Amino acid sequence: MDKKYMRKRNTADINRVSSRCLRVVVYFLAVYYAYILMLKEYNGVILSVSFAAAALIALIPGLLVKIFKIEERGVTQHIVIWCSAIISFILLTELNYPAYPLILFPLILAALYYNRTFVLYAAFLMSAGILGSAVVQIEFPKLVLNPIYTTYDEVFAETIIPLIMVEIAMAFVAFFIVDRNSTMMDKYIDTAITMQENENYLIYAFSEISENKSKETGEHIRRVAEYMKVLGRASGFDMEYCDKLAAGAMMHDIGKLMIPEEILDKPSKLTDDEYQIMKNHVLYGEALLKDCPGEIMRIASTLAKEHHERWDGKGYLGMKGKEIAYISRMIAVCDVFDALTTTRSYKKGWTVEEAYNEIINNSGSQFDPAVVRLFISNFDKFREIHEKIPDKQIY
């Protein structure tokens, strides 16, 4: 997780909020339309067309976000501001005085984005809308509900210049407010990133203690964490959740802290009693983590408990199919792939091709077929991680 990603996520949240604001405008327009219609002072056709056009424009950002999922794209904020400016232009043109407060509407939405330049951009856009509104009123009076100006001299002196001055003045006020808020947001993001990095470092250090007990596990936890990121992204999870998956995955074997070293490092096959003790590390891991606060620890607790479960129900705890959490079905593939390709005191590591075939052969029995399909389509990334993070002997 980096500053660029957090800003992108923050912009996506603001885009969703702005889209909802414009949807609320639709309700306001409906109520205001009904009120003006009851007055019977205006042309009903022009009134209906104007308000209908404004309502449809207000729905555009929300529809684009909902249908095309473009809330993370920079163009969305421009669509929001343009739509708000066009709505303000329509109502300002048709209603005149009652719509004057709307000249600040695009400015308010622009101020949400913690972007100083964007505030000035919105002010410039609305100033052009104010000027365009006056042109329409003078040149096409029959299209206006309440035309009150007939000459440019009159409209510039009494309306255009004062309104644009108000818009510019409020834009500078918003500029300095946004400037301060942007600085505060940068500090918040830097703090959040630092805290996340510190948390990940502590998690890794804590996890490495359990891995070092076996003397030869090397970079297992790093590779499994990276494999989980690959499957997480392939599963459609966002980057933030994938980072949490990776952090949680590093603690999947934390329960081995409670297993005697003579069992962990035994070079020959375990006896039935020893194997039962070894199996208990999943319950020890869950017990260590289940009461820890935070989403990463909840993920870690689930992975610690279920990472040895099998799709067919023949795992350590007898869970099967979708009784096993999806993230645990993911780590089952990651953990086994890494275990197969790593040299241990009791075995020689397989090639990545041999491990690949083993994963495929056990699809539907040991592994969730859906996860195996993701593994197959992302195998090149698994190979790259395996080569990039080689084991190092621990003495």
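**Salt bridges in the predicted model**

1. The side chains of Arg329 and Asp368 form a salt bridge, with N to O at 2.8 Å. (A salt bridge here is a side-chain nitrogen of Lys or Arg within 4 Å of a carboxyl oxygen of Asp or Glu.) The pair links distant parts of the chain, 39 residues apart. Arg329 sits in helix α13, and Asp368 in the loop between α14 (352–361) and α15 (369–377). Helices are DSSP runs (H or I, at least four residues), numbered from the N terminus. Arg329 and Asp368 are both buried, that is, under 20% relative accessible area; exposed is over 50%, and partly exposed lies in between (1.4 Å probe, protein chains only).

2. A note on the basis. This is a predicted model: local features need pLDDT of at least 70, side-chain atom pairs count only at pLDDT 80 or more, and totals for chains, interfaces and linings use all residues. Residues are numbered from 1 along each chain as its sequence is written, and side-chain values use heavy atoms, leaving out hydrogens and water.

3. Asp338 and Arg223 form a salt bridge; their closest N and O atoms are 2.4 Å apart. Asp338 belongs to helix α13 (residues 326–340) and Arg223 to helix α7 (residues 220–234), so the pair ties together parts 115 residues apart in sequence. Both Asp338 and Arg223 are buried.

4. Glu295 meets Lys244 in a salt bridge at 2.7 Å, N to O. Glu295 lies in helix α12 (residues 295–306) and Lys244 in helix α8 (residues 239–249), so parts 51 residues apart in sequence are tied together. Glu295 counts as partly exposed, at 30% relative accessibility. Lys244 counts as buried, at 17%.

5. Salt bridges also link Glu226, Lys229 and Asp243 in a network. The whole structure has 14 salt bridges.

Key
Helices (H or I, at least four residues) and strands (E, at least two) are DSSP runs, numbered from the N terminus.
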